[in-house]
Amino acid sequence: MDYISKENIKQILGVHYNLKTTEIDPLESGIQNLNYLVSTDKCKFVFRLYNWKSIEELRYTLQILHSLQNDNFPSPELILTINNEYSFCFHKKPCILYRYINGERLKEASVDTMKQLGLLQGRMHKILMKEEHDTLTLTWDHGDLLQLMSTKKELLLKSGFPKINNRLEFVTEKLVSMSFPNQLPKGGTHQDIKPENILVSSDQISGIVDFDNGYFGDLLHDVTTTICWFCFKDNKLDLRFVESFVSSYQKERELSEIEKQYLGQSIKFRLLRESIIWPMYVSHNIPIAKKFSDYFLTLYNNYNISETELRRRVN
């Protein structure tokens, strides 16, 4: 974006936050945003500008972060503008500022990492179980995902993604064969807990970031999204990692019997979801979309853990 420069950022942070910045450095940005490290004489912040979200679409993310902040959860601490707002617009793009969290992105997970992550995600879900969302925006949960795939089918077919029609047909067939009960516990979710969104310092998780995909939905699918990103080794599910993660999670929030019953199916659902979400939302970068879509489809095809064995490990 040629309209956002360091000087632009300095000016708008001065106007909206009365901040006097000493240095601004670009950070690695996500698919939907631009991020900058902002230094002042006293502390550091992260300035984020959203490319594709509206203020309304950002509202639930801010709601989640505010609730976590009130409970001292290690997540981005939003900074109020001088007008007591948690966001503002620059060239019609939503912007936020949050306090910088010390730490580096997680490079490789260990069993100990999974124990820490389980405790944190369990605590996060316990905090967010009452964070309902009144929007009618489609989620990435099972029924909504099928609807999204149907809505975006024509765009996907024109995206240039290799053999996308075959992938759509395969994923649709598998998803249609699945079903999940309405009784699954719901709450605020992250939906994108993966290594690049985990910050570590001295072998301890110092923060979970990037709640931009979060929504009010089935907590189980948020749990299994984390499993899909962290618990597969050499393209196969490592039950040691699953057991460490889930047992720690349950120290904060006990999985219901129905969640345990559908855990395996939810893992397979989330693998299919990732395999189609990447071409759906990262069609502007086909090589990256194909890399991750192929990876998660491989994990799905390799998945061979029986429900009995999985249940034994999480009870």
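**Cores, burial and a cavity in a predicted model**

Me: In this predicted model, which residues touch the most other members of the largest nonpolar core?

Reply: The largest nonpolar core has 77 residues, and those touching the most other members are Leu 117, Ile 227, Phe 230, Leu 237 and Ile 267. Helix α10 (residues 263–281) gives the most to this core, with nine residues.

Me: What makes a set of residues a nonpolar core?

Reply: The members must be buried residues of the nonpolar kinds, joined through side-chain atoms within 4.5 Å. A second core, of 18 residues, is separate; Ile 9, Tyr 36, Ile 79 and Leu 97 are among its members.

Me: With which residues is Ile 227 in contact, leaving aside its neighbours within four places in sequence?

Reply: Ile 227 is in contact with Phe 232, Leu 237, Val 242, Phe 245, Val 246, Leu 263 and Ile 267. Contact here requires heavy atoms within 4.5 Å.

Me: Why does Gln 116 count as buried?

Reply: Buried means under 20% relative accessible area. Gln 116 has 13% relative accessibility, and therefore counts as buried. This residue lies in helix α3 (residues 111–128). Not counting residues up to four places away in sequence, Gln 116 touches Asp 203, Gln 204 and Ile 205. For the protein chain of 315 residues, 52% count as buried.

Me: What makes a set of grid points a cavity, and how many cavities of 30 Å³ or more does the count give?

Reply: In a cavity, a 1.4 Å probe fits but cannot get out. By this rule the count comes to one cavity of 30 Å³ or more. The largest cavity has a volume of about 50 Å³. Its lining includes Arg 48, Tyr 50, Asp 210, Phe 211 and Asp 212. The elements giving two or more residues to this lining are β3 (44–50), α2 (55–70) and β6 (93–99).

Me: How many residues of each class does the lining of the largest cavity have?

Reply: The lining has six nonpolar, one polar and three charged residues. Thr 61 is one of the lining residues.

Methods: Residues are numbered from 1 along each chain as its sequence is written. This is a predicted model: local features need pLDDT of at least 70, side-chain atom pairs count only at pLDDT 80 or more; totals for chains, interfaces and linings use all residues. Side-chain values use heavy atoms; hydrogens and water are left out. On a 1 Å grid over the protein atoms alone, a cavity is a set of points where a 1.4 Å probe fits but cannot get out, and a pocket is an open set with protein on both sides within 12 Å along at least five of seven lines; lining residues have an atom within 4 Å of a point. Grid points are joined across faces, edges and corners, and a volume is the space filled by probe spheres set on the points. Helices (H or I, at least four residues) and strands (E, at least two) are DSSP runs, numbered from the N terminus. Ala, Val, Leu, Ile, Met, Phe, Trp, Tyr, Cys and Pro count as nonpolar, Asp, Glu, Lys and Arg as charged, and the others, Gly among them, as polar. Buried means under 20% relative accessible area, exposed over 50%, partly exposed in between (1.4 Å probe, protein chains only).
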